[in-house]
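Me: I would like to learn how to read a protein model. Can we take it feature by feature?

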Amino acid sequence: MLIEIDEHSGFCFGVTTAITKAEEQLKESDKLYCLGDIVHNGMECERLLNLGLQTINRHEMEELKDTKVLLRAHGEPPETYSLAQQNNIEIIDATCPVVLQLQKRIKQQYTQNPDAQIVIFGKPGHAEVLGLVGQTEGKAIIIATFEDVKGLNYNRDIYLYSQTTKSIEEFHKIIDYIKDHISPDCTFRSFDTICRQVANRLPNIQDFAKRHDVILFVCGRKSSNGKVLFNACQQVNERSYLVEGPEEINFRWLQGIESVGICGATSTPKWLMESCAQAIKNQKLKTEN
């Protein structure tokens, strides 16, 4: 049986940078706080916890003083930085440069035209989206799906942005709808702020899924990006299965097949995909003996 790990899967640049910063800090100290899960993968969070990275929520951060807190790649609203200053907390800022640039653009647009509708195509409650909405003093409008775009006021200016990990296809569908419905007296501008490093994974992962009899998609179930990529695999290969780690592999899935492809989300560590490949090899040895 051929076992192939997708070379394009695994941590994106932003996540890699955040984890590297955490590891560097933990070489100097045996404890570091992180506001929210550094990555939506339980096993990687557990590995870093064993090194001393303690995940905290916003309420817990309010209780901290005179310490260091790492901000993950998703970014944070301005209030987080204000809180850190009040409590003498040193921020280790691992905000992804793509997200940081997007925050700046939204803040600048809001400052220039606070009466316009600043619309963000994104997942409500997602850490990145909370950080983006925070640039507008909470006034930005979030649309989670194409259907939500129908609720906008088409007699007011609209400035459209997107969470960095959303679907390009759906984003352009939203743009077309707004163009068709906005008043000719109003301004509409859209800004394609989708990260291509993430977006390009969708066609790549579908090509990978087509090449194999069975796909094991390794991903934490909290990952929004993981859900999108796993669904993309299932669209082209119905024998695609989501597992969080090697212990979830059902080896009956692999009976009688010639090839298995192992891939994952932008939050999936390479070592976890390698562990799944090794588990398959070990099972194969058992059955042969």
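Me: What should I know before starting?
Reply: This is a predicted model, in which local features need pLDDT of at least 70, side-chain atom pairs count only at pLDDT 80 or more, and totals for chains, interfaces and linings use all residues. Residues are numbered from 1 along each chain as its sequence is written, and side-chain values use heavy atoms, with hydrogens and water left out.

Me: What order do the strands of the open sheet have?
Reply: Start with the terms. Helices (H or I, at least four residues) and strands (E, at least two) are DSSP runs, numbered from the N terminus. Two strands pair if DSSP finds at least two bridges between them. Here, four strands form an open sheet in the order β3-β2-β4-β5, with parallel pairing. β3 (53-56) and β5 are at the edges; each has a single partner strand, so one side of each lacks a neighbour in the sheet. On average, neighbouring strands of this sheet are turned by 35° against each other, direction ignored.

Me: How many bridges join β2 and β4?
Reply: Three, in the parallel sense; β4 covers residues 68-71. Leu35 stands opposite Leu71 in β4.

Me: Which strands does helix α1 lie across?
Reply: Angles first. Axes are lines fitted to C-alpha atoms, for helices over the stretch in contact, and angles run from 0 to 180 degrees between N-to-C directions. Contact means heavy atoms within 4.5 Å. Helix α1 (residues 13-28) lies across β2, β3, β4 and β5, at about 165° to β4. α4 lies across β2, β4 and β5, and runs at about 145° to β5.

Me: Is His40 buried or exposed?
Reply: His40 has 19%, so it counts as buried. His40 sits in the loop between β2 (32-35) and α2 (42-51). Leaving out residues up to four places away in sequence, His40 touches Arg72, His74, His126, Gly220, Lys222, Ser223 and Ser267.

Me: What is phi of Asn88?
Reply: Near 55°, a positive value in a residue other than glycine. Asn88 lies in the loop between α4 (78-86) and β5 (90-93). Asn88 is exposed, because its relative accessibility is 52%. Glu137 also has phi near 55°. Glu137 is in the loop between α6 (127-133) and β7 (141-143).

Me: How many aromatic pairs are there?
Reply: Rings of Phe, Tyr and Trp (its six-membered ring) pair if their centres lie within 6.5 Å; planes under 30 degrees apart are stacked, over 60 edge-to-face, and the rest tilted. A search of the whole structure finds six pairs. Tyr241 and Trp253 are stacked, 4.1 Å centre to centre with 0° between the planes. Tyr241 is in strand β11 (residues 240-243), while Trp253 is in the loop between β11 and β12 (259-264), 12 residues apart. Ring pairs also link Phe146, Tyr154 and Tyr177 into a cluster.

Me: How many disulfides are there?
Reply: A disulfide is a covalent bond between the sulfur atoms of two cysteines. The test is a pair of cysteine sulfur atoms within 2.5 Å. The count is zero. For Cys96, the nearest cysteine sulfur is that of Cys195, 6.1 Å away. For Cys233, the nearest is that of Cys263, 4.1 Å away. Cys233 is buried, because its relative accessible area is 0%.

Notes. Buried means under 20% relative accessible area, exposed over 50%, partly exposed in between (1.4 Å probe, protein chains only).
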